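User: I have a structure to read and would like to go through it feature by feature. Please give the general idea each time, then the case at hand.

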Amino acid sequence: MEGDEIKMEEKKNAQTIEEKQYLIRFKADTESHLHVLSHDVCIEKCPDKLCTIFCPAEVYKWEDIRMHVGYEGCHECGSCRIGCPHENIKWEYPKGGHGIVFRLG
Amino acid sequence: MPEKFDVIVVGAGPSGTSCAYKCAKAGLKVLQIERGEYPGSKNVMGGVLYRKQMEAVIPEFWKDAPVERAIVEQRAWMLDKNSMVTTSVKNNDWEKEPCNNYTILRAKFDQWFANKAVEAGSLLINETVVLECIVEDGKVVGVRTDRPDGDVYADVVVLADGVNSLLAKKLGYHNELKPEEVALTVMEVLNLPKNVINDRFNVTDNQGVTIELFGDATKGNLGTAFIYTNKESLNLGVGTTLSSMIKAKMKPYELIEYVKNHPMVRPFIEGAESAEYLAHLIPEGGFYSMPKLYGNGVLLVGDAAQMVNGIHREGSNMAMASGTLAAETIIAAKEKGDYSEETLSSYKTAILDSFIGQDLKKYKDANHTFEEQPQYFKDYIPMINRAASSFLTVDGTSKRDKQKEAIKTFTKEKGTFTVVKDLYRAWKVMK
């Protein structure tokens with residue numbers, strides 16, 4: 001039906017990671033459950049900064065000399081712990097009841 | 001003296017809750033511990049729930065459970081950039097009770113299921129992380145939680161703590177997973193009106209469709225994308241092995257946009273509203289990645305035991321079946337009053353004898369074969385598309401020449417010997 005189509009056009013299709021993350025409910029803890037063990041390892045041994053690429057929530061952002069960890073938006077998937085080529089990420093679960101809260105899927 | 005239970009189940013997904021439910025029904029004193037705000041709040045899946053293994057836990061569950069649609073059609077798409085070759089099996093008998101399988105939304109379903117275990121007498125504690133198992137004289141005797149005075153004791157502890165299973169690793173049952181043993185998958189729940197879904201997927205209100213997408217959906221990398229129909233939304237997701245994601249330097253959220261904007265996909269989701277974005281790991285290592293399944297006072301179930309059949313996208317059924325087998329083992333151990341490693345070893349035998357062990361053994365070489373031989377996803381799917389498209393393009397060429405051309409698409413690019421070798425290899429790992 002034509003009328004339906006027009007209404008549907010107004011709906012929001014989340015395209016960027018920022019828009020996608022905005023759809024999710026988080027109950028952030030005050031401290032991070034993710035820790036980069038050594039920023040020097042990132043500088044000296046990891047030219048590609050792979051975690052900044054494959055993290056599905058863009059939690060990791062390289063800032064000149066250090067890795068910024070936006071743990072508040074973490075999906076707790078575990079990819080960074082397994083995928084860091086230098087085993088340089090200490091990964092724990094957030095405190096009970098904290099972190100991501102999926103409502104649907 | 002801290003309280004003592006017969007069984008502590010760590011995690012309230014399908015494996016843990018199946019186990020907790022069965023044990024509680026048998027009259028055992030059960031504690032189930034969940035780290036999320038509620039069961040399902042940390043859990044993600046594409047969305048196919050298999051009726052058979054769920055029914056073994058709760059008969060006629062569909063009358064009460066929050067299921068979305070009964071799946072009547074399963075489609076597979078082999079995608080190239082601007083074309084696809086597809087197969088489909090549709091059977092309206094799958095809609096008649098008992099249905100073959102259903103789509104579900106996990107946050108809703110897991111809450112409902114865990115509540116059933118509570119009704120059966122299990123005690124559920126949310127918002128609590130289990131930090132480690134308490135081991136005394138080589139026996140697991142309980143768990144240490146992140147609550148004040150958070151030690152709890154039990155005769156047996158069931159680790160249903162999911163793919164990352166930090167607890168199994170701490171016990172030394174499991175090495176750290178490698179990037180090729182897990183698939184990093186991202187998904188969006190896309191809202192669409194019921195009648196639009198019905199029209200676009202050619203179904204009625206309660207009928208559902210699953211589509212698995214191969215080839216260009218993962219830009220030729222080892223993995224799949226999927227579109228599943230819920231009542232008034234679609235689950236659209238894509239995943240590849242973490243190793244492929246790293247090698248190809250793909251950003252998962254860009255890959256899902258690539259799928260959403262693919263010319264073969266776009267018309268299905270036109271006008272949809274994004275409702276949620278979710279990321280999760282799927283254990284894909286199969287048989288060789290399974291950890292030690294039992295020990296003195298402890299059992300491993302579900303994703304924590306890496307029980308997923310990646311080829312047939314089955315996991316939740318293995319989770320439920322393993323939870324059920326764990327419960328049966330525990331109930332027998334309780335009768336004997338013996339939770340030793342030897343008594344609990346019957347769990348492993350039961351797993352290996354069941355479809356879980358059989359299927360994981362059948363495909364034990366599939367994942368790493370396809371990981372090491374990228375041509376199946378990268379080369380052959382585009383070739384199949386080119387051959388089929390050229391065969392069906394009417395341009396005055398005779399059908400005999402068309403046939404030759406189609407076969408040449410493969411032999412010219414790869415050489416006859418390579419094609420035969422690749423076919424044989426694929427048959428060997430799938431047979």
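Analyst: Start with secondary structure: helices and strands here are DSSP runs, numbered from the N terminus. On that basis chain A has 5 helices and 6 strands. Keep in mind that this is a predicted model.

User: In what pattern do they follow one another along chain A?

Analyst: The order along the sequence is α-α-β-β-α-α-β-β-α-β-β. Among contacts in chain A with a separation of 6 or more, 65% are between residues 24 or more positions apart. As for burial, 50% of the 105 residues of chain A count as buried.

User: How do I read a strand pair, and how do E3(A) and E4(A) run?

Analyst: Two strands pair if DSSP finds at least two bridges between them. Strand E3 (residues 60–63) of chain A is joined to E4(A) by 4 bridges, and the two run antiparallel. One pairing to look up is Trp62(A), whose bridge partner in E4(A) is Met67(A). The two strands form a hairpin with 2 residues between them, and Asp64(A) in the turn has a positive phi of about 60 degrees.

User: Which residues of strand E4(A) are on the covered face, and which on the uncovered one?

Analyst: In strand E4 (residues 66–69) of chain A, Met67(A) and Val69(A) make up the covered face. Arg66(A) and His68(A) are on the uncovered face.

User: What should I look for in backbone angles?

Analyst: Most residues other than glycine have a negative phi, and most peptide bonds are trans. Glu87(A) has a positive phi, near 45 degrees. The residue is in the loop between helix H5 (79–83) and strand E5 (89–91) of chain A. In chain B, Gln306(B) has a positive phi of about 60 degrees and is not a glycine. Gln306(B) is in the loop between strand E17 (298–300) and helix H9 (316–336). For the peptide bond, go to Glu97(B) and Pro98(B): the bond between them is cis, with omega near -5 degrees. Pro98(B) is in the loop between strand E5 (84–90) and strand E6 (101–104) of chain B.

User: Is Glu87(A) buried or exposed, and is Gln306(B) buried or exposed?

Analyst: Glu87(A) counts as exposed, because its relative accessibility is 68% and the cut-off for exposed is over 50%. Gln306(B) counts as buried, because its relative accessibility is 0% and the cut-off for buried is under 20%.

User: With which side chain does that of His174(B) make a polar contact?

Analyst: The partner is the side chain of Gln306(B), at 3.4 Å. His174(B) is in the loop between helix H4 (166–170) and strand E11 (182–191) of chain B, and counts as buried at 10% relative accessibility. Beyond its neighbours within four places in sequence, His174(B) is in contact with residues including Lys169(B), Ser289(B), Pro291(B) and Gln306(B).

User: Which residues does His280(B) touch?

Analyst: Leaving out residues up to four places away in sequence, His280(B) touches Cys77(A), Lys42(B), Val44(B), Val163(B), Ala183(B), Leu184(B) and Thr185(B). His280(B) lies in strand E15 (residues 273–283) of chain B and is buried, with a relative accessible area of 18%.

User: Last, what are the domains of chain B?

Analyst: The domain assignment gives domain 1 (4–66 + 105–174 + 291–353), domain 2 (180–283) and domain 3 (367–430). The centres of domain 1 and domain 3 of chain B are 45 Å apart, taken over C-alpha atoms. An unreviewed UniProt entry lists residues 367–431 of chain B as "domain: FixC-like C-terminal". Over residues 367–431 of chain B there is 85% helix and 0% strand, with the end C-alpha atoms 14 Å apart.

Technical notes:
Residues numbered from 1 in each chain as written. Chains lettered and ligands numbered in written order. Predicted model: local features only at pLDDT ≥ 70, side-chain atom pairs only at ≥ 80, totals over all residues. Heavy atoms only, no water. Buried < 20%, exposed > 50% of the residue type's maximum accessible area, 1.4 Å probe, protein only. Domains from an automatic or database assignment. Contact = heavy atoms within 4.5 Å. Polar contact = N/O pair within 3.5 Å; in protein donor to acceptor, adjacent residues only side chain to side chain. UniProt positions renumbered as here; feature names shortened; annotations may be inferred.
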